[in-house]
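Subject: The structure for you to look at

Hi,

Here is the structure I said I would pass on. Have a look at it first, and then read my notes below.

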Amino acid sequence: MTFQEYQSLAMRTYTKREDDRDDLVAAAMGVCGEAGEFTDALKKVRFHKHDLDREHLASELGDVMWYVAFACHLTRVSMDAVARRNMAKLHLRYGKQFTVDQSLRRNDAPLPPLDDTPLDISGYHADMMSVALVKGDETERLLEGALGLCGEAGEVAEIIKKHRYQGHALDLDHLTEELGDVLWYVMWSSDTLKVKLSDIASLNVDKLRKRYPQGFTYELSRKAHGIPAKEVMT
């Protein structure tokens with residue numbers, strides 16, 4: 001599966017709002033919210049002695065990925081372009097593999113233009129893990145992934161907040177870069193769980209197809225989350 005194929009399948013459950021700016025806010029809040037759910041689950045593993053629920057964590061990573069696809073759809077930038085930009089940045093910065101020294105002396109050379117040539121999700125996963133420095137046990141790696149997701153999700157939210165509420169032009173180049181960083185931490189976390197990123201994408205598509213067989217509706221969303229209609233704001 002390519003990123004564009006996933007994006008197309010994911011957007012089957014997208015419902016357009018009257019104001020595109022509200023959609024961007026929803027995308028930012030979604031990335032932050034789902035990253036937070038992944039992080040909260042790991043907090044309970046690390047500090048509350050809960051069991052590690054791999055299926056639940058994989059599902060949350062898929063939800064983060066959906067909101068990345070949503071943001072790409074709204075800005076008319078393909079996920080392929082986001083992933084390729086992320087690959088280019090990290091190869092320019094770290095070469096063949098991450099080192100602490102290179103991180104401290106970051107090479108922030110200009111990045112190549114966006115390239116939306118279809119990119120296989122498995123190919124991105126393999127290429128980026130070849131650059132990553134794998135250290136620590138599984139739980140520590142997952143915690144690193146969770147904090148990375150929250151940090152990068154915050155960057156996405158900051159860009160959109162400035163655009164929506166502070167009169168800034170939407171910095172699409174910066175947003176594309178930060179979405180790529182979110183995607184990288186989804187990949188890192190899925191690898192730590194020993195789940196392929198392509199399987200995270202497929203599981204997300206299958207979950208939403210079962211939940212919303214004819215497309216997203218507020219009624220089905222309420223039902224899925226056990227929320228009475230009167231408690232939901234549209």
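A residue is called buried when its relative accessible area is under 20%, exposed when over 50%, and partly exposed in between (1.4 Å probe, protein chains only). Helices are DSSP runs (H or I, at least four residues), numbered from the N terminus. This is a predicted model, in which local features need pLDDT of at least 70 and side-chain atom pairs count only at pLDDT 80 or more, while totals for chains, interfaces and linings use all residues. Residues are numbered from 1 along each chain as its sequence is written, and side-chain values use heavy atoms, with hydrogens and water left out.

Let's begin with helix 6. It spans residues 121–131, and its buried residues are I121, Y124, H125, M128, M129 and V131. They sit on the same side of helix 6 because they cover an arc of only 145° around the axis (the arc is that of the directions from the helix axis to the C-beta atoms). An α-helix has 3.6 residues a turn, so residues three or four places apart point the same way. What covers these buried residues? The cover includes helix 1 (3–10), helix 3 (54–75) and helix 7 (138–165), among others. At the start of helix 6, a side-chain oxygen of D120 comes within 3.0 Å of the backbone nitrogen of S122.

Next, find R164 in helix 7. Not counting residues up to four places away in sequence, R164 touches D19, R21, D22 and V25 (contact means heavy atoms within 4.5 Å).

On a 1 Å grid over the protein atoms alone, a pocket is an open set of points where a 1.4 Å probe fits, with protein on both sides within 12 Å along at least five of seven lines; lining residues have an atom within 4 Å of a point. Of the 22 lining residues, L90, Y94, F98, W184 and Y185 are the closest to the centre of this pocket. Which helix gives the largest share of the lining? Helix 8 does, with six residues.

Finally, two loop residues. R76, between helix 3 and helix 4, has a positive phi near 60° although R76 is not a glycine, and R76 is exposed at 76% relative accessibility. K194 lies in the loop between helix 8 and helix 9, with phi near 65°.

Best wishes

Key: Polar contact = N/O pair within 3.5 Å; in protein donor to acceptor, adjacent residues only side chain to side chain.
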